[in-house]
Amino acid sequence: MEIPVIDFSELNGDKRGDTMALLHKACEQWGFFMVENHEIDTQLMEKVKQLINTYYEENLKESFYQSGIAKRLEKQENASDIDWESSFFVWHRPTSSINEIPNISQELWHAMDEYVEQLVKVGEKLSEVMSENLGLQKDYMKKAFSGSDGDGPAVGTKVAKYPKCPRPELVRGLREHTDAGGIILLLQDDRVPGLEFCKDGKWVKIPPSKNNAIFVNTGEQVEVLSNGIYKSVVHRVLPDKNGSRISIATFYNPIREAIISPAPKLLYPSNFLYGDYLKLYGSTKFGEKGPRFETMKNTINGNILA
């Protein structure tokens, strides 16, 4: 199956309508897509990948292969409850935790900060066009993720390496799961495969990202907010016997205090008397059903709410 590709440059101009429609279909039927021409500095993206690979080689690789995970695989024990990955997590917003990463260099610190600053603009733009496609105000998702204080969504990054695996048939790089958050923006390896998403009961192999395209998937909070119109999809990572895969997944998420619910505009009316609906239907039978639904949303026990 051919993965949907969104050309970000076409969200402005004559092809905007077609691009918006493609994005809506991708969110509704796939739950994931590729973004090209996102205007993030590609040299910076390459620098971030190179520095993270160096950090892994110098700080994480040796300890990983000496860990209990690796020893279990050496003994060919059941490894269905573990992930063959070496990872760490960094918060960027509301406050940064990057200085808590052991032995992180100033160069990697600043490169990550600069990259995420540019990437957040992509996340914000996606939240806007997704909201528009749902028939909501373009800042709806951002406001919902920001909570009552309005400080903006939470942003964090999971940096992972999926090391070369001597027995890939015994373990997952990352077990099957859906993502809890909002919009996930992934900068991944350009050579080593492994990421797979489930669509229509079949596993779709996500190829390595060429030209630093960003792979995007929607999390569970987008599914809730959209009242199930957009989907959060099961995915996994398979380990590789010959290559070590890098994954830099940035999460554009609600803050912890955000109250998440389906957007009221997307809900059908509920808890109304069918007799009241029939009265309204009698006078509007030959009109669109949408306005009837909106009227019933604002009706309790036959009384129209202000």
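# Exercises on a predicted model

Asp7 lies in strand β1 (residues 5-7); strands (E, at least two residues) and helices (H or I, at least four) are DSSP runs, numbered from the N terminus. This is a predicted model, in which local features need pLDDT of at least 70, side-chain atom pairs count only at pLDDT 80 or more, and totals for chains, interfaces and linings use all residues. Residues are numbered from 1 along each chain as its sequence is written, and side-chain values use heavy atoms, with hydrogens and water left out.

**Exercise 1. Describe the overall make-up of the protein.**

Step 1. Count the elements: the protein has nine helices and 13 strands.

Step 2. Take the box along the principal axes: the C-alpha atoms fill roughly 75 × 40 × 35 Å.

Step 3. Of the 306 residues, 46% are buried. Buried means under 20% relative accessible area, exposed over 50%, and partly exposed in between (1.4 Å probe, protein chains only).

Step 4. Look at contacts (heavy atoms within 4.5 Å). Among those between residues at least 6 apart in sequence, 79% join residues at least 24 apart.

**Exercise 2. Find which side chains make polar contacts with Asp7, and what its nearest opposite charge is.**

Step 1. A polar contact is a pair of N or O atoms within 3.5 Å; within protein, one must be able to donate a hydrogen and the other to accept it, and residues adjacent in sequence count only if both atoms are side-chain atoms. The side chain of Asp7 makes such contacts with the side chains of Ser9 (2.5 Å) and Asn37 (2.9 Å).

Step 2. Leaving out residues up to four places away in sequence, Asp7 touches Thr19, Glu36 and Asn37.

Step 3. For charges, Lys and Arg count as positive and Asp and Glu as negative, while His and the chain ends are not counted. A salt bridge is a side-chain nitrogen of Lys or Arg within 4 Å of a carboxyl oxygen of Asp or Glu. Asp7 is buried but has no salt bridge, and the nearest side chain of opposite charge, Lys15, is 7.1 Å away.

**Exercise 3. Check the length of helix α2 and sort its faces.**

Step 1. The expected span is 1.5 Å times one less than the number of residues. For the 18 residues of α2 (residues 42-59) this gives 26 Å, and the end C-alpha atoms are 26 Å apart, which agrees.

Step 2. List the buried residues of α2: Leu44, Met45, Val48, Lys49, Leu51, Ile52, Tyr55 and Tyr56. Down the axis they fall within an arc of 170°, so they line one face of the helix; the arc is that of the directions from the helix axis to the C-beta atoms.

Step 3. On the face turned away from the buried side are the exposed residues Gln43 and Glu58.

Step 4. At the start of α2, a side-chain oxygen of Asp41 comes within 2.9 Å of the backbone nitrogen of Gln43.

**Exercise 4. Locate residues with a positive phi and a cis peptide bond.**

Step 1. Most residues other than glycine have a negative phi, and most peptide bonds are trans.

Step 2. Glu39, in the loop between β2 (32-36) and α2, has a phi near 70°. Glu39 is exposed, because its relative accessible area is 77%.

Step 3. Asn103, in the loop between β3 and α5, has a positive phi of about 65°. Asn103 counts as exposed at 62% relative accessibility.

Step 4. The peptide bond from Arg93 to Pro94 is cis, with omega near 5°. Pro94 lies in the loop between β3 (86-93) and α5 (106-133).
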